[in-house]
Amino acid sequence: MTAGPGLEDLLRELAPQVLGVVIRRFGDFDSAEDAVQEALLAAALHWPAEGVPDNPRGWLIQAAVRRMTDQLRSEQARRRREGTAARAEPSAPDVTCRDDTLVLLFMCCHPALTSASAIALTLRAVGGLTTAEIANAFLVPEATMAQRISRAKQRIRDSGVPFKMPDGDERAQRLRSVLHVLYLVFNEGYTSSVGADLHRTELSGEAIRLARMLHVMLPGDGEVAGLLALMLLTDARRPARTGAGGELIPLAEQDRTLWDRRLIAEGVAVITGALAAGVVGEYQVQALIAAVHDDAARVEDTDWPQILALYGLLERMTGNPMVALNRAVAAAMVQGPAAGLKLLDALDEPLAGHYRLDAVRAHLYEMAGDVPAAVAHYRAAAARTTSIPEQQYLTTQAARLRAGTAQPGGPAARPAT
Amino acid sequence: MTKFLLLQNYAGTAACDLPMTDWAPGDIKAHIDFQLALNAELAGNGELVEAQGLAGPELAKFVTSDGMGAPVVTDGPFPESKELLAGYRMVDVESEERAVEIAARASAAPGPGGVPIQQPIEVRQVMGAPSGDL
């Protein structure tokens, strides 16, 4: 979309609402989605010159409905020519559920879809991004992304998911998929926000926008709040996360005055509100860990015992070996490197061949003063990472230690934070 | 305009046979800065199509299949890993001379002590549309 930022925000906010109305009227997600995209493009083309109409939502609905009607007419004509019965009964409007945006989000994150498809479809149908914008963000050709979206829509059609709010257990499970998709979109933007891939940071912004929207719709859900807080508290560090040459700066070495205080304050407020509500989930614990890091004005002020306890809780909740890896780092900071190294032994099997295990081991050996072991593990980690900034960081760590120019370093083995 | 692929592998050169983890940290930074600056310059000229580095040989796999049975997948380490592709640039340029000029710049990337590493760069033209009736 080439409209100005204000207009673009308006269009993207209206996109899922308009789509909801059109799906209700015609009952066909696939073509409704295409029609709304065309209406959005038409608006982006006409509104800057002609001015925003008094009722922009109504304008978009009308434009999309007109396209749907045209399409149905030509389809009916085709069917008549082919001698088949024309059937285009619009489905009865479901007035019991008014929150179309939420229903759409549930639909786009349907578990029948792969996460790549769910991400693409969510960004287009709920986020109002064009296929070209999504393709650009994921660095694939537009035709490839168009195909991914069209297959995702086909999958939804084939699975026969009705356009309505799922109930009970189904609803809880689908909400987990939604949160996971938003988390992946955020990470895609955040972890690639270095060097040549700077433009992909828009993905993080979009994930935050959608999480905010979800939080407004489901203010009582602790995990929605937890995810939003986690995104805000993590994104707050973005300005300090890369150097002038696009190189990765680990948490311990970041210039903390560059952290975005406004985002941190907002994230802390959101997570505090969620905790008051009771039940604690994974995203909330992750947000708390991020909040403890963000609370330390200097790296040496970090409340490591608190972080260690939170990782312990998170590990019990998830059983995820990557969480155990982070707990080992925290244990090393609290109880010394030997304690951390001991915890790593249990991870050789679940994380076999993963570069992060080597990176953490290297860091803990460095803390313990075992330079040859640290160099060997930094090298192994550098050889196995699939990220250029991380490879450069790990290579430089090995070189620095080998050259004997050791600097006072903190928990530098967590380059992905 | 013609597209060329400029390829480089892991082979050591007469000027530099040290793995990068054995360089001085400042030399690593100078090398990376050089590569980024070259990419920025080519992008600025409207000549860069794509520049990519590939994950290391440890993660490489060779796959063969007869189209019927299960494919044979060979994991590393490979004895000939130095011949594996390390990365590439695709450029879209006026002439082969210009592609060779860019390859020469890339080959002279600074190594230990700032000395050009003289990495051989393979220059391959990408096949395109027919130039006329045969």
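Author: Helices (H or I, at least four residues) and strands (E, at least two) are DSSP runs, numbered from the N terminus. By that count, chain A has 19 helices and zero strands. This is a predicted model, in which local features need pLDDT of at least 70, side-chain atom pairs count only at pLDDT 80 or more, and totals for chains, interfaces and linings use all residues. Residues are numbered from 1 along each chain as its sequence is written, while chains are lettered from A and ligands numbered from 1 in the order in which they are written.

Reader: Why are H18(A) and H19(A) called roughly antiparallel?

Author: Good place to start! The axes of H18 (residues 371–384) and H19 (residues 388–402) of chain A come within 8 Å and cross at roughly 160°. Axes here are lines fitted to C-alpha atoms, for helices over the stretch in contact, and angles run from 0 to 180 degrees between N-to-C directions. Angles under 35 degrees count as roughly parallel, over 145 as roughly antiparallel, 65 to 115 as roughly perpendicular and the rest as oblique. The angle therefore makes H18(A) roughly antiparallel to H19(A).

Reader: What makes up the contact of H18(A) with H19(A)?

Author: Its residues divide into nine nonpolar, three polar and two charged. Ala, Val, Leu, Ile, Met, Phe, Trp, Tyr, Cys and Pro count as nonpolar, Asp, Glu, Lys and Arg as charged, and the others, Gly among them, as polar.

Reader: And how do you know how H1(A) and H4(A) are oriented to each other?

Author: H1 (residues 5–26) and H4 (residues 100–108) of chain A pack at about 85°, with their axes 8 Å apart. That value belongs to the perpendicular class, so H1(A) and H4(A) are roughly perpendicular to each other. On the H1(A) side, the contact includes A:Pro16 and A:Leu19; on the H4(A) side, A:Val103 and A:Leu104 are among the residues.

Reader: What makes a set of residues a nonpolar core?

Author: The members are buried Ala, Val, Leu, Ile, Met, Phe, Trp, Tyr and Cys residues joined through C-beta atoms within 7 Å. Buried means that 20 or more other C-beta atoms, placed from the backbone, lie within 10 Å of a residue's own. The largest such core has 124 residues, and A:Val22 is one of those with the most contacts inside it. A second, separate core of 10 residues includes B:Phe4 and B:Val93.

Reader: How many residues of each chain are in contact with the other chain?

Author: 15 residues of chain B are in contact (C-beta atoms, placed from the backbone, within 7 Å) with 17 residues of chain A. Helix H1 (residues 25–44) of chain B gives the most to chain B's side, with five residues.

Definitions and conventions. Two residues are in contact if their C-beta atoms, placed from the backbone, lie within 7 Å. A residue is buried if 20 or more other C-beta atoms lie within 10 Å of its own, exposed if 12 or fewer, and partly exposed in between; C-beta atoms are placed from the backbone.
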